[in-house]
Amino acid sequence: MTNLSRAFHDVIQGIENAARQAGRPNAVRLLAVSKTRTADEVAALAALGQTAFGENYVQEGLEKRAALRTQDLEWHLIGHLQSNKAKDAAAAFDWVQSVDRPRIVEALARHRPPSMPPLNVLIQVNIDDEQSKSGCRPEDVDVLVSTILMHGSVTLRGLMAIPSPAPSLTRRRDAFQRMKMLFDALAAQYPQVDTLSMGMSEDYALAIAEGATLVRVGSALFGPRGG
Ligand SMILES: *Cc1c(COP(=O)(O)O)cnc(C)c1O
């Protein structure tokens with residue numbers, strides 16, 4: 001076994017264990033975060049069976065998607081999206097998880113090519129109210145929801161959060177729980193809402209215990225970045 005296949009196996013196992021313990025076997029998807037990794041590294045993981053990949057930058061995502069266009073992969077944008085990149089993002093990704101203001105919704109909806117299926121979007125919530133972070137405030141979710149629902153070229157699939165990397169597990173669990181409450185309220189209203197994206201290499205098991213349906217894992221798969 002290569003390091004990559006061992007790491008992949010371990011993460012899949014960790015996700016399955018956490019999902020089973022939470023009483024939701026097979027209900028959690030893995031998004032492999034491939035930022036800074038080469039197209040060859042993505043191809044190696046795809047060869048092991050992984051299909052969904054996450055990128056932070058539009059240009060980097062565009063390049064990898066083009067390099068791997070013969071493979072049937074699903075690309076997610078998980079990094080902050082600037083308005084002037086919305087046009088490229090609308091054509092390069094299957095999902096945008098970082099929707100956090102009405103202007104971005106409008107731009108993505110306008111630029112989604114009619115030849116492509118509707119763009120799946122998640123509303124990113126700044127759940128710990130950090131000044132430095134992107135994401136909307138919890139009280140702004142409703143406005144974003146109504147803006148998304150006005151456009152046929154984007155589909156609301158749920159919520160995403162990057163809680164502050166608090167050393168205190170209690171604080172992180174609390175943030176995950178607040179996201180789960182927001183998510184349940186939304187899912188009760190809209191049947192297409194099925195995705196709660198939270199949890200990374202360090203805390204995906206905790207996020208799954210608190211209700212995540214998709215975890216975004218980079219370094220636990222590919223090794224430390226910049227190393
Ligand atoms: C980099 C990144 C991840 C993955 O982080 P790891 O700690 O490497 O698993 C997940 N989500 C977002 C938004 C990221 O930017």
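## Ligand site and pockets of the predicted model

The largest pocket has a volume of about 440 Å³. Here a pocket is an open set of points on a 1 Å grid over the protein atoms alone, with protein on both sides within 12 Å along at least five of seven lines, probed at 1.4 Å. The volume is the space filled by probe spheres set on the points, which are joined across faces, edges and corners. The structure is a predicted model, in which local features need pLDDT of at least 70 and side-chain atom pairs count only at pLDDT 80 or more, while totals for chains, interfaces and linings use all residues. Residues are numbered from 1 along each chain as its sequence is written, and side-chain values use heavy atoms, with hydrogens and water left out.

**The largest pocket and its ligand**

The ligand takes up the space of the largest pocket (more than half of its atoms lie within 2 Å of the grid points). The lining of this pocket comprises 21 residues, and Ile 162, Met 200, Ser 201, Arg 216 and Arg 225 lie nearest its centre; a lining residue has an atom within 4 Å of a point. At least two lining residues come from each of helix H7 (169-189) and strand S8 (214-217), these elements being DSSP runs of at least four residues (H or I) for helices and at least two (E) for strands, numbered from the N terminus.

| Residue | Part of residue | Distance to a ligand oxygen atom |
|---|---|---|
| Lys 35 | side chain | 2.7 Å |
| Ser 201 | side chain | 2.5 Å |
| Gly 218 | backbone | 2.8 Å |

Of the 390 Å² of accessible area that the ligand has on its own, the protein covers 90% (Shrake-Rupley method, 1.4 Å probe).

Asp, Glu, Lys and Arg count as charged; Ala, Val, Leu, Ile, Met, Phe, Trp, Tyr, Cys and Pro as nonpolar; and the others, Gly among them, as polar.

**The second largest pocket**

The second largest pocket holds about 160 Å³ of space. Among the residues that line it are Ile 12, Glu 16, Arg 29, Gln 50 and Ala 52. Helix H1 (3-21) and strand S1 (29-33) each supply at least two lining residues, with H1 giving the most, three residues. The lining divides into five nonpolar, three polar and two charged residues.

Notes. Polar contact = N/O pair within 3.5 Å; in protein donor to acceptor, adjacent residues only side chain to side chain.
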